[in-house]
Amino acid sequence: MAAVDYEAEYNLRARVPEHPEFFARWARDAEDYRAEMLKRGRAELGLSYGDTPRQTIDLFLPDAGNDAPLALFIHGGYWRSLDPSLFSHMARGLNGRGLAVAVMGYDLCPNVTIADIIEQARRACVFLWQRFGRKLLVYGHSAGGHLTAAMVATDWHALYPKAPADLAPVGYAISGVFDLTPLVGVSMNQDLQLDAEEARRVSPLFWPVAPGRVFDAVVGSEESSEFKRQSRALEQTWYERKVETCYEEFAGNHFAVIDPLADPASAMVARLAQLAERVSG
């Protein structure tokens, strides 16, 4: 059996040469959505949850305002690139279905470690809990899918005794990476700085997870074999640990697969709205 070429499997920008067009479109659509929501008085931008400039949350509220159910979106970029300002419009779909959406930023590798970013995402969740007193639906793309799984598997009481044990009981990861050990030998690891032990330590696939959580692992139909394997592996492993799991493929490559998040009528957003009903408190 031939060895897996992890460099080819995980080098997303090489696999999708037109990726700059996606980034440019995201930037335009996100800016337009921020302007629209600010004009309507439905956006709060740059809320600080930590002690560095990138630890901020942009909050987009539906017509129901502060009484709406709450979701957290975490962007991708292999923990080392991109910015939440590219993803404001990813709140449009759930806003249109009556949910409030927080879009979080975080510090990037190599300035911080992936373990640091996991802790920042946890702080963002606690910040939202302290403000709204609500549990969260967490959803994310790529590295944000990894962080989504990390939030669902977090032992919140051990870290923040005042938070509910199931602060983030439901997750939806799009094209996530849940086993980071294949990344140790690829070129991006010059920024991630993972060794075999650390890669396993920050991989939610290997973590304990509380029974009764709900988690969807979805992926683009045009993704690499490794990305599909990652989502299938988490779906199956967590199912065996008594998590209610689902695996699904949506049309598109790694970047196109998240476009439906901006459409309230899309099947992806319909599923997210259904999952939001599973979050109580």
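Across the whole structure, a search finds 15 salt bridges, each being a side-chain nitrogen of Lys or Arg within 4 Å of a carboxyl oxygen of Asp or Glu. The model is predicted, so local features need pLDDT of at least 70 and side-chain atom pairs count only at pLDDT 80 or more, while totals for chains, interfaces and linings use all residues. Residues are numbered from 1 along each chain as its sequence is written, and side-chain values use heavy atoms, with hydrogens and water left out.

Select Arg-54 and Asp-83, whose closest N and O atoms are 3.4 Å apart in a salt bridge. Arg-54 lies in the loop between strand S1 (43-48) and strand S2 (56-60), and Asp-83 in the loop between strand S3 (70-74) and helix H4 (92-95), so the pair ties together parts 29 residues apart in sequence; helices (H or I, at least four residues) and strands (E, at least two) are DSSP runs, numbered from the N terminus.

Next, select Glu-244 and Arg-278, which meet in a salt bridge at 2.9 Å, N to O. This pair links Glu-244 in strand S8 with Arg-278 in the segment after helix H11 (267-276), 34 residues apart. Then show Arg-40, Arg-42 and Asp-63, which salt bridges with shared partners join into one network.

Finally, turn to the cysteines: the search finds 0 disulfides, a disulfide being a pair of cysteine sulfur atoms within 2.5 Å. The sulfur of Cys-109 is 18 Å from the closest cysteine sulfur, in Cys-125, which is too far for a bond. Cys-109 is buried, at 4% relative accessible area, whereas Cys-246 is partly exposed at 23% (buried means under 20%, exposed over 50%, partly exposed in between, with a 1.4 Å probe and protein chains only).
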